[in-house]
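Reader: Let us read this model feature by feature. Please show it.

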Amino acid sequence: MSQPRGTVVILGGGPGGYEAALVAAQLGAEVTVVDSDGLGGACVLTDCVPSKTLIATSTTMSVLHGAERLGIRGDGRPGWGRGSVDAPRLYARVKALAQAQSADVALRLAAEGVRIVPGRGTLAGPGTVLADGQRIEAGSVLVATGALPRVLPGAEPDGERILTWRQLYDLPELPAELIVVGSGVTGAEFAGAYQALGSQVTLVSSRERVLPHEDADAAMVLEDVFRRRGMTVLSRSRAAAVKRSGDGVLVTLEDGRAVRGSHCLLTVGMVPATGGLGLESAGVTVDGQGFVEVDRVSRTTATGVYAAGDCTGVLMLASVAAMQGRIAMWHTLGEAVQPIRLDHVAATIFTDPEIATVGVTAAAVESGQVDAVAVKMPLATNARAKMQGFRDGFVKLFARRGTGIVLGGVIVAPRASELILGVSLAVEQSLTVDQMAHTFAVYPSLSGSVTEAARRLMRPAGDELRDEL
Ligand SMILES: Cc1cc2nc3c(=O)[nH]c(=O)nc-3n(C[C@H](O)[C@H](O)[C@H](O)COP(=O)(O)OP(=O)(O)OC[C@H]3O[C@@H](n4cnc5c(N)ncnc54)[C@H](O)[C@@H]3O)c2cc1C
């Protein structure tokens, strides 16, 4: 048997960990993954995959709600008309799908010869991991232990009425009146989903608008849609405490107002799962909040110890965790490696409509930090959007002034998560708006608005690129 190319131990079996394991195994390393809660990690078992499965049902409900406008009459037959949600069945589907996805990850790792050690691992030095009563020595260690829901003092979850998103799928019914505290990505996704599923939703936002860190035009479209669909959005309202009250919950705001509901979902951020891992004694520096400090090839401050994913706080996305993990393995096993480029990350907020972004932001362009021109094409004029009955959304494109190189974009549309790939490719490959504009889009299609946006930014010979925001 040939000698392994190196030995790697990975703490955590989420996307940061398992994607790294696959790369390392492919490169011929001897790989062990230590995982405490199930392969696929929180991503597959409690966070990303379950929430997107729930959202698959809620977007179908939205389609049903809009069916009459498209000429469909509900005739009372089960499955037709507006429909209502069978919560136990929905939650059973969510959990079964998560388990199946986790099993797929386990099979894939086993097929690549990766050794799995169930249990919680700790570092006993830069190249030594203790787990399941074993002492595992390795040339390289990757810490990919993820993050946990942040808990507000005075608003401790009880798993019945006061909930984190990880506890939703054990509820026996749909919350009748759901108060969502926090209007970031997770809060907006769940608020929109439950409103569509049939709950009466109140969204408590401490900021001026929902999604305070996202494109302002996109956030405004979404907030408008939320309000039109009957959601109560409380802006500039910070929750001070959440308590059980009779059969429901009472959320007290900092200004003294109180909001009553049947359930409260807390979406107020994440804290890194890095406590008690032995990081400090192994020479791994964490920041003031406990996130592991890493460079762009995932190295920590300890030689041979890498970190990836939510425990680094770099960008809390499964795709970023996976890329950090792969980069760590390419680096430690001596492959050519490109440092991670966070300015090229494509991301989506899975609301209805979805908000997908890549590259530079409007804020960076407007502040003059990036010298770019921009155009915004409303979806309302797109023929396909009209046919499907969509009117909320737009395509926004940014291009470097002078050269016309595409620097980024924002798409607000149903399935924007799929549409953004064209813009993402342009950003990654430094394509110009002229090249995008000469690319065929299908007629009629929503992606036609992407090429049209590029056309709007094309430079007539000798002219400056135009700005049409
Ligand atoms: C509600 C929600 C929806 C999301 N949706 C999306 C989305 O649509 N798209 C997207 O890209 N991202 C999404 N994310 C973010 C995504 O889930 C995370 O970025 C991703 O899970 C990070 O992967 P990870 O490998 O760092 O950690 P995790 O997925 O958290 O996995 C870490 C694993 O390590 C285990 N572990 C912890 N400590 C130890 C230890 N000491 N020893 C052994 N094992 C340990 C944990 O139990 C866990 O299984 C979402 C997040 C949330 C909260």
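Reader: Does Cys311 count as buried or exposed?

Author: Buried means under 20% relative accessible area, exposed over 50%, and partly exposed in between (1.4 Å probe, protein chains only). Cys311 has 0% relative accessibility, so Cys311 counts as buried. Some ground rules first. Residues are numbered from 1 along each chain as its sequence is written, and side-chain values use heavy atoms, with hydrogens and water left out. The model is predicted: local features need pLDDT of at least 70, side-chain atom pairs count only at pLDDT 80 or more, and totals for chains, interfaces and linings use all residues.

Reader: How many disulfides does the count give?

Author: A disulfide is a pair of cysteine sulfur atoms within 2.5 Å. By this rule the count is zero. The sulfur of Cys48 has its closest cysteine sulfur in Cys43, but at 4.3 Å that is too far for a bond. Cys311 is in no disulfide either; its nearest cysteine sulfur, again that of Cys43, is 14 Å away.

Reader: Is Cys48 buried, partly exposed or exposed?

Author: Its relative accessible area is 33%, so Cys48 is partly exposed.

Reader: Now the ligand. Which residues are closest?

Author: A residue is near a molecule if one of its heavy atoms lies within 4 Å of it. Here 35 residues surround the ligand, and the closest are Gly16, Asp37, Gly121, Asp310 and Ala318.

Reader: What is the make-up of that shell?

Author: Ala, Val, Leu, Ile, Met, Phe, Trp, Tyr, Cys and Pro count as nonpolar; Asp, Glu, Lys and Arg as charged; the others, Gly among them, as polar. The shell has 14 nonpolar, 15 polar and six charged residues.

Reader: Which polar atoms lie by the ligand?

Author: A polar contact is a pair of N or O atoms within 3.5 Å. A polar side-chain atom of Asp310 lies 2.8 Å from a ligand oxygen. A polar backbone atom of Gly121 is 2.9 Å from a ligand nitrogen. A backbone N or O atom of Cys43 is 3.0 Å from a ligand oxygen. On its own the ligand has 990 Å² of accessible area (Shrake-Rupley method, 1.4 Å probe), and the protein covers 91% of that.

Reader: Last, the sheet. What is the strand order?

Author: Strands of a sheet pair through backbone hydrogen bonds, either parallel or antiparallel. Strands are DSSP runs (E, at least two residues), numbered from the N terminus, and two of them pair if DSSP finds at least two bridges between them. This open sheet of three strands has the order 4-5-6, with antiparallel pairing. Strand 4 (122-123) and strand 6 (134-137) are the edges, each pairing on one side only. Two bridges join strand 4 to strand 5 (residues 128-131). Leu123 stands opposite Val129 in strand 5.

Notes. A polar contact is a pair of N or O atoms within 3.5 Å; within protein, one must be able to donate a hydrogen and the other to accept it, and residues adjacent in sequence count only if both atoms are side-chain atoms. Helices (H or I, at least four residues) and strands (E, at least two) are DSSP runs, numbered from the N terminus.
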